[in-house]
Amino acid sequence: MGPLDGLVYGFSVALEPTNLFACFLGVLIGTIVGILPGIGPVGAMALLLPSTFTLQPATALIMLAGIYYGSMYGGSTTSILVNVPGEASSVVTALDGYQMTRKGRAGAALAVSAVGSFVAGSVGVVGIVLAASWLADQALRFGPPEYFALALTGLLLLSRLSGGSVIHAFVMVAIGLALGTVGMDSISAMRRFTFGSTQLSQGVELVPVIMGLYGVAEVMLIAESGLRKARIVTVRLRELLPTRAEWRLSSWPIARGSVVGFLTGLVPGPASVLATFIAYALERKVSKTPERFGQGAIEGVAGPEAANNGATAGAMVPLLSLGIPFSPATAILLGALVITGIQPGPLLISQRPEVFWGVVASMYVGNAILLVLNLPLVGLFVSVLRLPQHVLATLVLLLCLVGAYSLNNSQLDLWVLVIFGIFGYGLRKLAIDPSPLVVALVLGPMMEKTLRQALFMEQGNILALAGRPITLTLLLIGVVALAAPPLVRWWRPVPPQPPAPPHPTLSPKGGEEA
Amino acid sequence: MIERLLAVALLAAGLVYLGSAWALPLGSAARPGAGFYPVAVGVFGASVILAWLATALRGTATAHAVAVPADARGRVLITAGLLAGFCLALPWTGYFVAAFLFAGLLLRGLGSGWATALVIGAASALASNYGFGVLLGVPLPRGVFLD
C-alpha cells in the first residue's frame, strides 16, 4: 500500500464512529489537561491507559494520541490568557501571547495559535507519512546490533538534550535501566531483583512509575504552593478574528514553525519544548523588528505554537516506524500497543495497517476537531481554571491511586506510584528532569535483549559491532552529541554573561513531558 | 544538602543492586548470562552517581535545590503521609472508606473547611468507586469487614 492509498485507508479507519468518538474524547481530555495545572498529558495518558485495555488497538492509540497533541492546544490557551503556561511547551508562547492579551489582542493570539497548531499538525501528518514509511523500509535491514545502537544513541541524545546537567540525566538513565532489569530474564527465565515477590517477577510496571513521576509529583507541588486562584480573562467570539496585518505577519512563522517543529520532534529529547525555543529564536532572528519580541509580537506566538504541534507529530515517527519511543508520552503509546497485543516495529505498517494509517489520519481529524472546538469554546475551557486547585489536586491523586491499582489489582503498583511520586517531587525540587528515567525504563529490556543477541551473533567480539555501517554511524552520532558541546566550550570559551532580567510570571507544569 | 543526601541514598541503592547483579550468572562474552547486562548497568550507575556525589561534595552543586517554604512543609508532609496511609489502609478498610478518608483528610489538610472536605471526599470516593468498580469492573478491595 502506497502512502496515498494508506492515507485514504487511514481516513476510513479514523472516521469510523467509534474511532471518531475516541479521537474527540482524546483531544477534549488533552485540551483540558493542557489547561489545568496538576496533570499533564503524560500523567493523563498513563491514567487512562487501563481504560483502553478493552478497546481495539487503533481506537486505543487514537484516543491516547489525541490527548498528547490536544494538550498542546490547551497549554497555549492559559499561556496567552493568564500568563500561566499549562505545559512546559507553552512557556515561550506566554512571552508575547500574554502581552497581546494585555493589549486587548487575546482573541487574535488564540486564533493564530489555533490555526498555527492546525497547520503544523497537518504538515506533521504529511511528514509522518513520508518519513515513517521510508524509515520503516530502512529499518527492515536492522538487526539486533542496529537496534541496540539506536536505543543507546537515543539515550545519549536524550541525556544531552533533556536540559540540566548530563550527570543527572545519566543517573536517571541508570535508574531506568536498572528498573528495567527487575523481573524475569527474557532469555534464561531467571528471576532477578524480585526479593521473592511473585508480582515483581513480571517487572516494574511503567504506568505507576509515570503516574508517580508526573501526576503525583505535580500534585505535591500544587499542595506546596497552597490555594491560588487564577484571574480569568473572558474573550468574546467576535474578538477572535485577527486583522489582515496579523495574518500576514503570522503566515511565514507558522510555516517555519511547522517544519522546525517536525524536524525537532524526530530527535530524542524534550522535543516540544525545544522546538518552541528554536522557533522563537528563529523568528526573532529573521524579523526586521526583533525589538517587538516580548512586547506582544504575533510572530512570537505563531512560530512556537506551530512548532510544538509539529514536534508531537515528529515524535511519532520513531515510534510508528521503529517501535522505539524517545519521550515519556510516546513510551505510553508504545505501552498501549504492547498491551493490545501488537508488536511495534517496522512491520507495523504492513502487518497492522489499520493501526498505523488509522492513527496517522486521526491526527489530521483530531487537529480539525481541535480547531473547531478550541476557538468557540475558549471561554468554557478557561473557566475550568475556576475549579479550586486543592480540590483538583485531591481528585487527581485519587484517580492516580485507583488507576494504578486497577492495572493489576495489585498493592505493589500502589506503592510504586507513591514511591515514585515522592521521588519525582524531590527531583522537581532539584530541577532534575525525570524523562530519561522513563525512556530508559522502556528501552532497557530491548537494549539488553539486542545486546545479548548481538554478542552471540558476533561470538562475543563487541568491537565487531562497530564494523557494521549503520551501527557505527548511530554510535558516532551519539558520541558526537555527547562530546561536542564540552569540546566547543573548551575550544571557544563563552565570556560571562550579565544576569538576565526578571522573567514574567511563568509557572508551567514542571518537567518536559512531551 | 538535599542533593548530597539523595546522591548518597542512590549510591547505596546502586551498590546493593551491583552486589545482587554479581551474584547472578555472568556467562561469557559470546554467551552472556542473566547477570551480564545488570552488572554493566550497575557499574555505569555507580560510576555516574559517584561523579554526581563528588561534584555535590566539592560544593559545585549541579542541581539547584529550591527550598520548601516553612509554611508549605506541613501540606507536603500531609500529602505524602496520606498517600502512604491510603496504601496501608486499602486492604483493611476497603476502597470506599480508604478513598473517603484520603480525599476528605487531604482536602482538610490543604485548607478546605470540614464540611466541604467531607462532602467532596464522600462524593469523589463514591464516584470513583462507581466508575472503576462498577463501570470498568475493577475488583476494588471491599475491606476485611465486608469480605
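Is W357(A) buried or exposed? At 1% relative accessibility, W357(A) counts as buried. The structure is a predicted model.

## Aromatic pairs in chain A

The rings of W357(A) and F356(A) are centred 4.8 Å apart, and the angle between their planes is 90°. Planes over 60 degrees apart count as edge-to-face, so the pair of F356(A) and W357(A) belongs to that class. F356(A) is also buried, with a relative accessibility of 0%. For both residues the cut-off that matters is a relative accessible area under 20%.

Over all chains, the count of aromatic pairs comes to ten. Another of edge-to-face geometry is formed by F11(A) and Y364(A), whose ring centres are 6.0 Å apart and whose planes stand at 85°. This pair connects distant parts of the chain: F11(A) lies in helix α1 (residues 3–14) of chain A, whereas Y364(A) lies in helix α15 (residues 353–374) of chain A, and 353 residues separate the two.

F11(A) is partly exposed, its relative accessible area being 25%. Y364(A) is likewise partly exposed, at 32%. Both values fall between the limit for buried residues, under 20%, and that for exposed residues, over 50%.

## Architecture of chain B

Chain B contains five helices and zero strands. Read from the N terminus, its elements follow the order α-α-α-α-α. The radius of gyration of chain B is 23 Å, whereas the globule rule gives 15 Å for 147 residues; chain B is therefore more spread out than a compact globule. The C-alpha trace of chain B spans about 60 × 45 × 25 Å along its principal axes.

Two domains are assigned in chain B: domain 1 covers residues 2–58 and domain 2 covers residues 70–135. Their C-alpha centres are 38 Å apart.

## Burial, contacts and surface of chain B

Of the 147 residues in chain B, 41% count as buried. Among contacts in chain B between residues at least 6 apart in sequence, 52% join residues at least 24 apart.

Definitions and conventions
Residues are numbered from 1 along each chain as its sequence is written. Chains are lettered from A and ligands numbered from 1 in the order in which they are written. This is a predicted model: local features need pLDDT of at least 70, side-chain atom pairs count only at pLDDT 80 or more; totals for chains, interfaces and linings use all residues. Side-chain values use heavy atoms; hydrogens and water are left out. Domain bounds come from an automatic or database domain assignment. Helices (H or I, at least four residues) and strands (E, at least two) are DSSP runs, numbered from the N terminus. The radius of gyration is taken over C-alpha atoms; the globule rule is 2.2 Å times the number of residues to the power 0.38. Buried means under 20% relative accessible area, exposed over 50%, partly exposed in between (1.4 Å probe, protein chains only). Contact means heavy atoms within 4.5 Å. Rings of Phe, Tyr and Trp (its six-membered ring) pair if their centres lie within 6.5 Å; planes under 30 degrees apart count as stacked, over 60 as edge-to-face and the rest as tilted.
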